[in-house]
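The notes follow in the order in which I checked them.

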Amino acid sequence: MYTPQLRQALRRHGVALFATLSLQGAAFAAVSEPQFVAAFQQFQQALKGDESAVDKAAEQFGSLLQADPADPVLLAYAGAATAMKARSALMPWKKMGYAEEGLAQIDKALALLQPAHDTLLHHGTPASLEARFVAATTFLGMPPMFHREARGAALLQEVLASPLLAQAPQAFQAAVRQRAQARATQAAQK
């Protein structure tokens, strides 16, 4: 499911997003910062094209999710990592299965968002913004057959328009703006 163009887009846009977020430190209730950082580092390696890190990232975020299954940020990252597993799956039904499972996890993460997630901070960023941004970035990177581009664009606009964005760390704000600019450039080229 992941074409060379999609992989390149994930590397170009995803790495900037997730690299900036990882520098902020984690603030998860049921998950320690070192646990999150270890999973996140695997995730970053996967975004950079290290296929061996994809399974590790998905496994580690899956384990973290068991400790706090109601955390939409962990669920969004677990979904993004699971969706990345489609890149290296050989069988078409496996590719589809991983992509659909990852997208379902992200959908669930978005459904879990409550007003309280505006004040719960992850990496100094409101959890509601981070979960939406991970979802937007993942959705925008999916092939058209998954029909997620419009939802990803809407989520990115929600993050950009949120008054909470001004309270987020500068690195997060820069990553959001960078992704929005990349999206605008892609749209202009179509």
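Before noting any packing angle, I recall that axes are lines fitted to C-alpha atoms, for helices over the stretch in contact, and that angles run from 0 to 180 degrees between N-to-C directions. I also keep in mind that this is a predicted model.

Entry on helix packing. I looked up helix 2 (residues 33-47) against helix 4 (residues 72-84) and found that they pack at an angle of about 35°, with axes 11 Å apart, and that their crossing is left-handed. On the helix 2 side I listed Phe-36, Phe-40, Phe-43, Ala-46 and Leu-47, which meet Leu-74, Tyr-77, Ala-80, Ala-81 and Met-84 of helix 4. Sorting the residues of this contact, I got 10 nonpolar, no polar and no charged.

Entry on salt bridges. My count came to 6 salt bridges, and I followed up several of them. Arg-148 pairs with Asp-107, with the closest N and O atoms 2.9 Å apart; this pair links the loop between helix 6 (127-141) and helix 7 (149-161) to helix 5 (residues 92-112), across 41 residues. I noted that Arg-148 is buried because its relative accessible area of 17% is under 20%, whereas Asp-107, at 32%, is partly exposed.

Which residues do salt bridges that share partners join into one network? I found that Arg-132 bridges to Glu-158 at 3.1 Å between the closest N and O atoms, and that Arg-151 bridges to Glu-158 at 3.8 Å. Arg-151 counts as partly exposed at 38% relative accessibility. The network therefore consists of Arg-132, Arg-151 and Glu-158, joined by salt bridges that share partners.

Technical notes: Residues numbered from 1 in each chain as written. Predicted model: local features only at pLDDT ≥ 70, side-chain atom pairs only at ≥ 80, totals over all residues. Heavy atoms only, no water. Helix = DSSP H or I, 4+ residues; strand = E, 2+ residues; numbered from the N terminus. Left-handed = near helix turned anticlockwise from the far one by under 90°. Contact = heavy atoms within 4.5 Å. Nonpolar A, V, L, I, M, F, W, Y, C, P; charged D, E, K, R; others polar. Salt bridge = Lys/Arg side-chain N within 4 Å of Asp/Glu carboxyl O. Buried < 20%, exposed > 50% of the residue type's maximum accessible area, 1.4 Å probe, protein only.
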